[in-house]
Amino acid sequence: MSTEQQSHSGFSRWMQHKMNARMNRKIRRGNGSFMGMDVLILHTVGRRSGEPRQTPISWFSDGGDGRLLVASGGKNGDPDWFRNLMAHPDQATIELPGDQPVPVTPHVLTGSERASAWEAITTAQPRYGKYQAKAGREYAVVRLTA
């Protein structure tokens with residue numbers, strides 16, 4: 001890899017951290033929306049580092065008390081937040097706008113549960129269907145329950 005590519009990667013990572021921190025501050029001030037979607041802060045523990053991680057992420061109602069997350073993005077497959085969540089599911093918490101973090105339990109949906117959740121998600125935000133079609137893989141859908 002050339003030095004230029006490494007710098008770009010470093011810059012991209014730095015920029016993502018800055019943008020995440022800015023969004024986290026916005027959520028903590030009580031404004032939990034971005035591009036027409038509800039956003040929360042997902043607290044996880046790094047799967048390799050063991051360090052705490054805070055990721056702003058869009059969520060969808062499951063029709064009850066749970067929240068649905070879509071594991072889209074990720075450079076080579078699943079995003080880091082999803083890998084961290086699955087590595088340490090017992091240490092996950094979420095922070096809703098203006099509230100304190102609360103513990104949650106993640107469940108990766110499969111079969112008809114996933115299909116039903118996916119239909120609700122893509123009805124609310126059709127862009128997710130387009131993202132998945134371009135990704136060439138099926139995104140994991142995670143239900144978080146308190």
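I began with a charge over a ring: arginine 114 lies over the face of tryptophan 118, at 4.8 Å from the ring centre. I counted a charge as over a ring if NZ of Lys or CZ of Arg is within 6 Å of the ring centre and within 35 degrees of the ring normal. Arginine 67 likewise lies over the face of tryptophan 59, at 4.9 Å from the ring centre.

I note the basis of these entries. The model is predicted, and local features need pLDDT of at least 70, side-chain atom pairs count only at pLDDT 80 or more, and totals for chains, interfaces and linings use all residues. Residues are numbered from 1 along each chain as its sequence is written, and side-chain values use heavy atoms, with hydrogens and water left out.

**Entry: α3 against α4**

I looked up how helix α3 (residues 111-124) meets helix α4 (residues 127-135); they pack at an angle of about 120°, with their axes 7 Å apart. Axes are lines fitted to C-alpha atoms, for helices over the stretch in contact, and angles run from 0 to 180 degrees between N-to-C directions. Helices (H or I, at least four residues) and strands (E, at least two) are DSSP runs, numbered from the N terminus.

From α3, I found Arg114, Trp118, Ile121 and Thr122 in the contact; from α4, Tyr128, Gly129 and Gln132. Contact here means heavy atoms within 4.5 Å. By class I recorded three nonpolar, three polar and one charged residues. For these classes, Ala, Val, Leu, Ile, Met, Phe, Trp, Tyr, Cys and Pro count as nonpolar, Asp, Glu, Lys and Arg as charged, and the others, Gly among them, as polar.

**Entry: aromatic pairs**

I paired rings of Phe, Tyr and Trp (its six-membered ring) if their centres lie within 6.5 Å; planes under 30 degrees apart count as stacked, over 60 as edge-to-face and the rest as tilted. The count comes to five aromatic pairs. Phenylalanine 60 and tyrosine 128 form an edge-to-face pair, 5.6 Å centre to centre with 85° between the planes. This pair links distant parts of the chain, with phenylalanine 60 in strand β3 and tyrosine 128 in helix α4, 68 residues apart.

Tyrosine 128 also pairs edge-to-face with tyrosine 131, at 5.7 Å centre to centre and 70° between the planes. Both tyrosines lie in helix α4, three residues apart, about one turn of the helix.

Tyrosine 128 has a relative accessible area of 6% and so is buried; tyrosine 131, at 39%, counts as partly exposed. Phenylalanine 60 is buried as well.

**Entry: nonpolar cores**

I took a nonpolar core as a set of buried Ala, Val, Leu, Ile, Met, Phe, Trp, Tyr and Cys residues joined through side-chain atoms within 4.5 Å. The largest has 16 residues, of which Leu40, Leu42, Leu69, Trp81 and Leu144 touch the most other members. The elements giving two or more residues to this core are β2 (37-45), β3 (52-61), β4 (67-71), α2 (80-87) and β8 (140-145). Apart from it lies another core, of eleven residues, including Val70, Ala117, Ile121 and Val141.

I then listed the contacts of tryptophan 81, leaving aside neighbours within four places in sequence: Leu42, Thr44, Thr55, Ile57, Leu69, Val70 and Ala71.

**Entry: helix α1**

What does isoleucine 27 touch, leaving aside neighbours within four places in sequence? I found Gly32, Val39, Leu40, Ile41, Pro56, Glu95, Leu96, Pro97 and Gly98. Isoleucine 27 lies in helix α1 (residues 3-28) and, at 0% relative accessibility, counts as buried.

Asparagine 24, also placed in helix α1, is buried with a relative accessible area of 5%. Not counting residues up to four places away in sequence, asparagine 24 touches Ile41, Gln54, Thr55 and Pro56.

Lysine 26 is found in helix α1 and is partly exposed, with a relative accessible area of 24%. By the same exclusion of residues up to four places away in sequence, lysine 26 touches Asn31 and Ser33. The C-alpha atoms of lysine 26 and proline 97, 71 residues apart along the chain, are separated by 8.2 Å.

Terms used: Buried means under 20% relative accessible area, exposed over 50%, partly exposed in between (1.4 Å probe, protein chains only).
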